[in-house]
Amino acid sequence: MAEGNCAGQAPDLFFPSDGVGVQVAKKVCIDCPSTNACLEYALALRIEHGVWGGCSERQRRRILKARRLAVQSEAVHA
Ligand code: SF4
């Protein structure tokens, strides 16, 4: 995050209370060089709140669910 676009930004920006705030935060993330690492960090630690790696809380829940289902599907078909 020290190399990310959010360096020097107010942390509150990435913990918005509404959809408009989420969109504002995502605009900062959109061309960040650390997007993938940031997203994977939040997913690995199951961070529920805030915008990480350009993804909202809802988007991260969907990614985790899709990954869980993919693992389950692989186990069934193995
Ligand atoms: S992706 Fe967003 S929250 Fe993550 S380091 Fe970059 S600017 Fe910061």
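Visitor: Let me start with one residue. Where is the place of asparagine 5?

Guide: Keep in mind that this is a predicted model. Asparagine 5 sits in the segment before helix 1.

Visitor: Is asparagine 5 buried, exposed or partly exposed?

Guide: Count the C-beta atoms around a residue. A residue with 20 or more others within 10 Å is buried, and one with 12 or fewer is exposed. Asparagine 5 has 18 C-beta neighbours inside 10 Å, so it counts as partly exposed.

Visitor: Which residues does asparagine 5 touch, not counting residues up to four places away in sequence?

Guide: Asparagine 5 touches Val28, Cys29, Asp31 and Cys32. Asparagine 5 and valine 51 are 46 residues apart along the chain, and their C-alpha atoms are separated by 13 Å.

Visitor: Now the whole chain. How many helices and strands does the protein chain have?

Guide: There are three helices and zero strands. Read from the N terminus, the order is α-α-α. Along its principal axes, the C-alpha trace spans about 45 × 25 × 20 Å.

Visitor: What share of the residues in the protein chain is buried?

Guide: The chain has 78 residues, and 15% of them are buried. Contacts give another view. Take those between residues at least 6 apart in sequence: 42% join residues at least 24 apart.

Visitor: Which residues make up the largest nonpolar core?

Guide: First the general idea. In soluble globular proteins, nonpolar side chains tend to be buried together. Now this case. The largest nonpolar core has ten residues: Cys6, Phe14, Val22, Ala25, Cys29, Cys38, Ala42, Val51, Trp52 and Cys55. Helix 1 and helix 2 each supply at least two residues of this core. Helix 1 gives the most, with three.

Visitor: Which residues of helix 1 are buried?

Guide: They are Val22, Ala25 and Cys29. Look down the axis of helix 1: its buried residues fall within an arc of 65 degrees, so they line one face of the helix. These buried residues pack against helix 2. The face turned away from the buried side carries the exposed residues Val20, Gln23 and Lys27.

Visitor: Why does alanine 25 count as buried?

Guide: Alanine 25 has 22 C-beta neighbours inside 10 Å, so it counts as buried. Leave aside its neighbours within four places in sequence, and alanine 25 is in contact with Leu13, Phe14, Pro16 and Val51. The C-alpha atoms of alanine 25 and threonine 35, ten residues apart along the chain, are separated by 12 Å.

Visitor: And tryptophan 52, which residues does it touch, not counting residues up to four places away in sequence?

Guide: Tryptophan 52 touches Cys38, Leu39, Ala42, Ile47 and Arg60.

Visitor: Is asparagine 36 buried or exposed?

Guide: Asparagine 36 is found in helix 2. It is exposed, because 11 other C-beta atoms lie within 10 Å. Asparagine 36 and valine 71 are 35 residues apart in sequence, and C-alpha to C-alpha they are 21 Å apart in space.

Visitor: What span should helix 3 have?

Guide: Helix 3 has 21 residues; at 1.5 Å a residue, they should span 30 Å. The end C-alpha atoms of helix 3 are 30 Å apart, which agrees. Helix 3 is hardly covered: one of its 21 residues is buried.

Visitor: What is the phi of arginine 46?

Guide: The general idea comes first. Most residues other than glycine have a negative phi. Arginine 46 has a positive phi of about 55 degrees, although it is not a glycine. Arginine 46 lies in the loop between helix 2 and helix 3. With 9 C-beta neighbours inside 10 Å, arginine 46 counts as exposed.

Visitor: Last, the ligand. Which residues come nearest?

Guide: There are 14 residues around the ligand, and Gly4, Cys6, Cys29, Cys32 and Cys38 come nearest. Helix 1 and helix 2 each supply at least two residues of the shell. The shell divides into eight nonpolar residues, six polar and no charged.

Key:
Residues numbered from 1 in each chain as written. Predicted model: local features only at pLDDT ≥ 70, side-chain atom pairs only at ≥ 80, totals over all residues. Near = placed C-beta within 6 Å. Helix = DSSP H or I, 4+ residues; strand = E, 2+ residues; numbered from the N terminus. Nonpolar A, V, L, I, M, F, W, Y, C, P; charged D, E, K, R; others polar. Contact = placed C-beta atoms within 7 Å. Core = buried A, V, L, I, M, F, W, Y, C linked by C-beta atoms within 7 Å. Arc of directions from axis to C-beta. Expected span 1.5 Å × (residues − 1).
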